[in-house]
Structures are given as structure tokens and as C-alpha cells.
Amino acid sequence: MAAPRRPSGGGLRRAPQDGRLDEINKEFLCDPKFSDEKDLEEKLAVFKEKYMEFDLNNQGEIDLMSVKRMMEKLGAPKTHLELKKMISEVTGGVSDTISYQDFVNVMLGKRSAVLKLVMMFEGKANESNPKPSGPPPERDIASLP
């Protein structure tokens, strides 16, 4: 007899995390600092989905390798040093991982964080300009920068 199949994507493991992130979203919705933010509830729902997509270990934190995967998926690969700098900027230098609170604060914040800019603009660029497929065109010495 075959073993019962588990849902793909870690659905059972993600349920507690989903609830924790919903609680954090409620805190942001009640925070007077963000009361003037347009479509806050919709933005938080999008942020939650993105965060869960890149929280590879389902621990409620995005580590260096998760940020690396995120940036590669967005079409903007970064070096380890650049990734560490991004994490440090998001967390204020107090952690090696990005918590959901830090992530939302950056995405809703007024200052221009590298992660926020890359996620916003690289995502939009990927939608309108798909990457060409196949090998790159041949170049000669004159075409090099």
C-alpha cells in the first residue's frame, strides 16, 4: 500500500507561519504610523506572500541564501558582500537574517533601501522586458565597453 501523499509546498508547515504573519499584519494595520498608507491591507497581503515564498526554512526569517535566491529570481544576482550589506541595511546591523517586521518596515518605509528598490524596479522591468532566450549575439572588440 502506498504512503499517503503530503501536500506540496509545505502547506502543513506553513500554516503556523501564515498565522504569525497575519498577526504581524494586524499590528501594522493598527499602527497609526501607517494609517495614511493607501491600500495597506492589500500591500501587506502581497508582502506576506513574497516573504513566505523566500523564507526557505519556514522559520520566519530570510537568511543570506534566501536573499541570494530572491535576487537571482528577480534577475538581479548579487555577490555575498552585497547581500550582507543589504541584510545589514534592512536589519540595522543587528541581525544576519531579515524578519517579517523588518521586511515590511523597509517596504513601507520612506527611506530608499536597496532591497526595496531592487524588488520594485527589477520586478517591473522583468514584466515588461522579458529576457531574450538563446545564446547572446556575437560581439567584436569595437562593441565592448
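Me: What should I keep in mind about the numbers?
Reply: Residues are numbered from 1 along each chain as its sequence is written, and side-chain values use heavy atoms, with hydrogens and water left out. Because the model is predicted, local features need pLDDT of at least 70 and side-chain atom pairs pLDDT 80 or more, while totals for chains, interfaces and linings use all residues.

Me: How do you know that the span of helix α2 agrees with its number of residues?
Reply: Helices here are DSSP runs of H or I, at least four residues, numbered from the N terminus. The expected span is 1.5 Å times one less than the number of residues. For the 15 residues of α2 (residues 40-54) that gives 21 Å, and the end C-alpha atoms are 21 Å apart, so the two agree.

Me: Which residues of α2 are buried, and what puts them on the same side?
Reply: L40, L44, F47, K48, Y51, M52 and F54 are buried, meaning under 20% relative accessible area with a 1.4 Å probe, protein chains only. They cover an arc of only 160° around the axis, so they lie on the same side of α2; the arc is taken from the directions from the helix axis to the C-beta atoms.

Me: Why is F47 with F103 called edge-to-face?
Reply: Rings of Phe, Tyr and Trp (its six-membered ring) pair if their centres lie within 6.5 Å; planes under 30 degrees apart are stacked, over 60 edge-to-face and the rest tilted. By this rule there are 3 aromatic pairs. F47 and F103 are 6.3 Å apart centre to centre with 90° between the planes, hence edge-to-face. This pair links helix α2 to helix α5 (residues 100-108), across 56 residues.

Me: What makes F103 count as buried, and what kind of pair are Y51 and F103?
Reply: The relative accessible area of F103 is 1%, so F103 is buried. The ring centres of Y51 and F103 are 5.5 Å apart and their planes are at 55°, so this pair is tilted. Y51, at 0%, is buried.

Me: Why are α3 and α4 called roughly perpendicular?
Reply: The axes of α3 (residues 64-73) and α4 (residues 80-91) come within 10 Å and cross at roughly 105°. Angles of 65 to 115 degrees count as roughly perpendicular (under 35 roughly parallel, over 145 roughly antiparallel, the rest oblique), so α3 and α4 are roughly perpendicular to each other.

Conventions:
Helices (H or I, at least four residues) and strands (E, at least two) are DSSP runs, numbered from the N terminus. Buried means under 20% relative accessible area, exposed over 50%, partly exposed in between (1.4 Å probe, protein chains only). Axes are lines fitted to C-alpha atoms, for helices over the stretch in contact, and angles run from 0 to 180 degrees between N-to-C directions.
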